[in-house]
Amino acid sequence: MLDTAKTRWHPIAASHDLPFRHVFHAQLLGREFAVWRADDGYVNVWENRCLHRGVRLSIGINDGRELKCQYHGWRYANRTAGCTYIPAHPADAPARTITNRTFPAIERYGLVWAAEEPLGGVPEVEGLAEGSLLALRGIPVNAPADLAVERLRGYRFQPSDALDGNAAEISIEAASAFSLALHARSGGAETLAVFFVQPVDSGRAVIRGVLDTAEDHPARLAILRRHNEALSKLREAIEREAAAMPAPTPLTPEFQRVSPELAEMPALSADARKAPLRVQAARKWQAAEGIAGFELRPISGLLPTFQPGAHIDVHMPNGLIRQYSIVNGPGETDSYSIGVKFEPDSRGGSAAMHESVREGDVLAISEPRNNFPLRRDAVKTLFIAGGIGITPLIAMAQALQNQALAFELHYFAQSQAQLAFPDRLETLGPALVPHRGLSPAETAAKLRELLAGYRNAMHVYLCGPGPMLEAARAIAAEAGWPEGAVHFEYFKNTNEIDDSTSFEVALARSCLTLQVPAGRTILEVVREAGVEMPSSCEQGACGTCMATVIEGEPDHQDVYLNDAEKRAGTKIMTCVSRSKSPRLVLDI
Amino acid sequence: MTTQPKCTDPVILNLWHPLAAVSETSVGTVMDTVLLEERVSYAVGSDGTVAAWRSRADLPAGSRVDAGSIAEQLPSKSAYGYVWTTLGDAPAELFPIPEFEEPDRRRLNAATMGVNVSAPRAIENFLDMGHFPYVHTDILGAEPHTEVKEYDVEISAERDEILATRCRFYQPMASTASTEGADVDYIYRVPHPYCSVLYKSSPVDDKRLDVIAIFLQPMDQEHVRAHMMLCVLDEDNEDKIIKRFQQTIFGQDKPILENQFPKRLPLDPRAETPIRADKSAIAYRRWLSQKGVTYGVIPAAA
Amino acid sequence: MITLYDYELSGNCYKIRLLLGMLGLDYKTVPVDFYPGREHKSDWFLRLNPLGQLPVIEDDGFVLRDAQAILVYLASNYDQAGTWYPRDNPRLLGEISQWLAFADGITGTASAARLHDALFYDLDAEAARAGAHRLFRILDEHLWFGEQEGRSWICSASHPTIADIACFPYVILSEEGGISRQDYPAIRRWCDRVKRIPGFLVMSGVFPAGRHGRHKASHERWTTHLHTPGWQK
């Protein structure tokens, strides 16, 4: 019987077993689950092991949006079970493929159902109408499920409206390998009781009963107690019988192996410039004056896990590709929200989003990529946003807020009406400090004030227009901030690119030597030679196309690397930067 | 008389294994324990000699005995404050801990505790720093100082042991002189598949290191007795204060170890997800694989 | 000031630390080397408690032994709000006493199994585990119906009492004695609720619960009266 059980749906918990911020410890056919309900109501059924070191996640912490492992603080997102943060390496974005095994879950008949490899749906039970059901207390039994089902055939009970008798007429309405429907009739009263028996392991089961009695029945407690008493007695008999039989060998679940890339360190780099995901603009709204908000929902399945600071490429109907930061807080994994500023003099990307994209439209997007990772080991974090630069920082601020870590978000904007995503800003409370309508000189003075008082282990994250970032970086340097504590993201590279040089580029791992002529980029030449390279903005701002320099002197033209990194000369943005030396050797 | 050992892993069988702290064994009295699924008895003589033998009915636990006169003994030795024995054919010497001989050190058994886990899982936890802020909160670590900085690991071919150096981790209230936290230095050695030795900056002498070791006695593949040896520079504290501290730390690790799944350490690299912070654990798993250890682990499929 | 004669890994001592923490009382601890030193059987300790058991407190010359008795004393004497041991409510006092006795039963079974597995006490661990499971079935049923009746705690009050404190430690430590709580979901939920009582602190072997709401609660942090030896600093 147990050999076909994997393909069936079984109850693994009652709905009331998943209260606010709790992690339920379930087991089915030997396999353990950590089951938790996120604050948005979603029921997660996960393999009960952290992928890192096998620690049970049922001892972890449900913070409403993510599940945190007790051992090393790894965080896994609601729905996707993707790992969003590895505290031991706070400067890195986790490889997004680190994803715990999830199992499908359905809530029905007051129970939570799951299956290992489901064929078909949750059993349809005639006579059990959703909404007027009473779920009994689950009774764990130290006996095989089939024995429990068999002995339930002898279960006697009174209809809910005639509790006091003892002569109800019982008939078996339906029976299957793991369930039994009994009908009790006494005078005019009748009750249907359906018992689902959850095969926990080869020698353990849980009897989960549901009555067709209204949940608010006046005798509710008495009914629950009566069944609990009778089922407990039945359990004693079943367990006595089971104890006399040879104990069956416990089932040993097989654990899936992690992917070969994850078994080795370091993790692989991001994919090439592809847009494998299809999403629907489920909602479009005015997020602020001149800024359109878009909520992008998956056409099917789940969206990949994102981390705060991550962006996606949006491939627009007019063929342009633009990068937008995801503004979601942790655990908001059913959609991505982005903010698009209308730039009248742009090349048409923002106009396409503002004017052409309507609610219901389908867009192609890349997987999220995080070149602006957030450390969470700072004693205090400062976020400084200018205008639309708020978008990555709002995601970061929500993540720190969720973990109760110290931060301030300083948001420079022209006016109150231009403060984007006011509903999200409101959740940040006093940590949000808006600065409205300041002139460039006033902005610089305010930045000086904010960036005074650097202490060890503080970090600042900057995102906004180029001139403001330049000013803020200069002020931070003056105020004693080390470069490693100043993190920034430009949304575009306003430097004029000089592509007049020509040089040779050698790809060490691919064993190729290529000529980069004037007017072409390293990225283009490398791709033409058949070597896959990831990229995103292709203007030296996002960091996706970064390569390691083994030999030669790069001619940096990007705005992604900081000055120390540029001086070190070990990294290059292949989409805009070039070579000062006649030959450049890259680790590609 | 030949006895077929229950443990069929020759690597583990032919090792020295700890049984108990000499200081906690009443002199001239038979004591019982379990090693590699077999009942083993041991005794300590008044002159410090130790003896171990497969338990037998004529020498029940609690009876008086002269440790020197027992017939059919197992090989035994007294080292680092513990009684050691082997059920197989162990090399003459146990791994060295030179600091143990330094006269100004305090040497004690913090405790011997039973843990429902395999020995290799316990070793791996002993090598791990990333859990300090989460499991030993406000003692060995504290959020948000969670970073495991780059460190070096080597497998010393000459000494056949794993050595992790340049390990640093932020510890709150790291010095007696200040309330500020600071990075503390650690060196880890794994000189025996089931034993590990940790060296840690000494707050009283910046040129020397405190030594903390864990010696695991495998009762079976999924149950150990963990013996915690301390060899520290401390002139001020009573023994019980030092022991209490180490027991607190180990007591915090215990529920993590007992909630690891599977209990045996999987050696297949694709069984779990390592990160850079786990370099020493990766080296340890490879080292066990190379040695062909099968006891207390799930060997990688060939 | 109150002095607690304490062993870190003792669930019975933890009961006292929990209540002292929740009442916000300052106290001093005298560590007793229960294991491996068996200091609770030493002459000086037997003078304090001839039974040779932890915990013992001393409060301004008043010496008291037995975890449950100490909870009664501390709550009666120091709980300003009078909720932990409501002296003016006879029914509730009766209930509390009933569950204090139950807590002793948990100690006799779940704690015994833990002593066997972790500290090698020579006793029948299988019998201890079976006994603990019998008690846990009763407690789980009691707490499940409590939830159905809108009650969160062991006794019928709308707030926790010393009965919750007395039962909690050896329930939450039961897995160290090989007693899984997987079959007791109502007990698991109640454990989460106890962990969220303001002033809650952990001990070795007990994990914190997450925050329940949006506010950062001070009680999720480890607070310790542990004296850290110099060589660990």
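Predicted model: local features only at pLDDT ≥ 70, side-chain atom pairs only at ≥ 80, totals over all residues.

**Where chains A and B meet**

I began with the contact between two chains: 30 residues of chain A touch 24 residues of chain B. On the chain A side, I sorted the residues by type and got 18 nonpolar, six polar and six charged.

**Domains of chain A**

Next I looked up how chain A is divided. The assignment gives domain 1 (1–122), domain 2 (125–251), domain 3 (277–365), domain 4 (380–490) and domain 5 (503–586). I then checked the spacing of domain 1 and domain 5 of chain A, and their centres, taken over C-alpha atoms, are 42 Å apart.

**The annotated span in chain C**

For chain C I turned to UniProt, where an unreviewed entry carries the annotation "domain: GST N-terminal" over residues 1–82. In the model, that span of chain C is 38% helix and 22% strand, and its end C-alpha atoms lie 21 Å apart.

**A helix pair in chain C**

How do H3(C) and H6(C) pack? I found an angle of about 150° between H3 (residues 67–78) and H6 (residues 162–172) of chain C, with 10 Å between their axes. Angles over 145 degrees count as roughly antiparallel, so that is what H3(C) is to H6(C). Their crossing is right-handed.

Which residues make the contact? From H3(C) I listed C:Ala67, C:Gln68, C:Leu71, C:Val72 and C:Ala75, and they meet C:Ile162, C:Ile165 and C:Ala166 of H6(C). By type, the residues of this contact are seven nonpolar and one polar, with no charged residue.

Technical notes. Residues numbered from 1 in each chain as written. Chains lettered and ligands numbered in written order. Axes fitted to C-alpha atoms, helices over the stretch in contact; angles between N-to-C directions. Helix = DSSP H or I, 4+ residues; strand = E, 2+ residues; numbered from the N terminus. Parallel < 35°, antiparallel > 145°, perpendicular 65-115°, else oblique. Left-handed = near helix turned anticlockwise from the far one by under 90°. Contact = placed C-beta atoms within 7 Å. Nonpolar A, V, L, I, M, F, W, Y, C, P; charged D, E, K, R; others polar. UniProt positions renumbered as here; feature names shortened; annotations may be inferred. Domains from an automatic or database assignment.
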